[in-house]
Amino acid sequence: MTTAKSQNFEWINSLRLIALLAVIVLHTAAIPLGQYGHIPINTWLAADLYNSLVRFAVPVFVMITGALLLHREYELGNFLQKRLSRVVAPFLFWSLVYIGYSWYNEELVFDGDTLANIKQVLHQLKYGSCYHLWYVYMLIGLYFFIPIISKFVRNATKREIEYFLIMWLVVMIISQPYIVRFNPQVNLHYFAGYAGYLVLGHYLTFNFDRRKNIVLVMFILFVSILCIIFWGTYLVYKYASFITLLYEPLGPAIVLLASAVFLMGRFTKMELPAFVKQAQDFACKFNFGIYLSHALVLYFLDDLFGINYKLCAPLTSIPVTAIICFLLSLLLVWLLSKLPFIGKWVAGI
């Protein structure tokens, strides 16, 4: 078993940036994916390919959180204060920004009724003022659970952790469409949800040692699962109703895809040039702010400049748009971080 002290976590920065860029690619490709039958099939297939390619993003984010946090002992109040303060303040700021954008875009209408306007804002805060903010609600829930699950992980044997992961996978499988009809009445929801990714990230970091050709094996696994998700999603869109079946983060296909990416990130040895490492560390500092702001940047790239999946051939335009969005989001949150007093809070650092 690898101890926390012997772990080198430098690979996590690279993996975190890959996952962040994957999220932006995912949201860039999401619009054409929802237009099946109304756009050329080659455009839709490109969107399907990129969606399939990057669906590991959020699970890998959660696995990184598990790798970094579950091996530590916490004082409950201090942990919650520190973690939640770093998340809630920028989250509220950007939630209000997206509410303002919805008002500017005439999706929300405010009138002279102050109470009704407040209710609209609170409704948006309750359910999320933008599509990507669901991740923050989920992350806050995980933070409440981490002080509990970390005690289990730190004191459990390897076999007990494996038991938890096996039960998590079993519950996940029997919860899938078509299979759910065979789900027994035994209540197993205690093993469900994103907490499994926390434990999986810890397990693959501290209980999974390097094996021969592990990177090659994980690459083959990644490509194999990618092909299944890509072609399977096309067939599901064409013939069935559960159109996101293979995309679901809490599904066995994405668990395998995310695990392959995580292990490739952990075991790929690459010496980065000094300037690349400095750029990577700089971008990682603003990782959360980039996540919070990138949807707004995507909106304006599309509305003001026509930069979206239609820019050129979608195989090119989707990653190009995502890279432009990433760089502009980084610039935006870096500039916001320079604001006096509130800079670090609104920039998410």
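Tutor: Let us begin with exposure: a residue is buried under 20% relative accessible area, exposed over 50% and partly exposed in between, with a 1.4 Å probe and protein chains only. Phe341 is exposed, with a relative accessible area of 81%. This is a predicted model, in which local features need pLDDT of at least 70 and side-chain atom pairs count only at pLDDT 80 or more, while totals for chains, interfaces and linings use all residues. Residues are numbered from 1 along each chain as its sequence is written, and side-chain values use heavy atoms, with hydrogens and water left out.

Student: What percentage of the 349 residues do buried residues make up?

Tutor: Buried residues account for 48% of the 349 residues.

Student: How many helices and strands does the protein have?

Tutor: Helices (H or I, at least four residues) and strands (E, at least two) are DSSP runs, numbered from the N terminus. Here there are 14 helices and zero strands. On overall form, the radius of gyration is taken over C-alpha atoms, and the globule rule is 2.2 Å times the number of residues to the power 0.38. The radius of gyration of this protein is 21 Å, close to the 20 Å that the rule gives for 349 residues, so the protein is as compact as a globular protein of that length. Its C-alpha trace spans about 60 × 55 × 50 Å along the principal axes.

Student: Which residues have the most contacts inside the largest nonpolar core?

Tutor: A nonpolar core is a set of buried Ala, Val, Leu, Ile, Met, Phe, Trp, Tyr and Cys residues joined through side-chain atoms within 4.5 Å. The largest one has 113 residues, and Val62 and Tyr197 have the most contacts inside it. Helix α1 (residues 10-33) gives the most to this core, with 13 residues.

Student: With which residues is Tyr197 in contact, leaving aside its neighbours within four places in sequence?

Tutor: Contact means heavy atoms within 4.5 Å. With those neighbours left aside, Tyr197 touches Pro59, Val62, Met63, Trp168, Pro249, Leu250, Ile254 and Val255. Pro59 belongs to helix α3 (residues 57-69) and is buried, at a relative accessible area of 0%. Under the same exclusion of neighbours within four places, the contacts of Pro59 are Tyr197, Pro249, Ile254 and Ala258. Across the protein, among contacts with a separation of 6 or more, 81% join residues 24 or more positions apart.

Student: How many aromatic pairs does the structure hold?

Tutor: Rings of Phe, Tyr and Trp (its six-membered ring) pair if their centres lie within 6.5 Å; planes under 30 degrees apart count as stacked, over 60 as edge-to-face and the rest as tilted. The structure holds 29 such pairs. In one of them, the rings of Trp44 and Tyr237 have centres 4.9 Å apart and planes at 65 degrees, so the pair is edge-to-face. Trp44 lies in helix α2 (residues 41-54) and Tyr237 in helix α9 (residues 214-239), so this pair ties together parts 193 residues apart in sequence. Trp44 is buried at 0%, and Tyr237 is buried at 13%.

Phe208 and Phe267 form a tilted pair, 6.4 Å centre to centre with 45 degrees between the planes. Both of these residues, Phe208 and Phe267, are buried. Ring pairs also link Phe61, Trp134, Tyr135, Trp168, Tyr194, Tyr197 and Tyr291 into a cluster.
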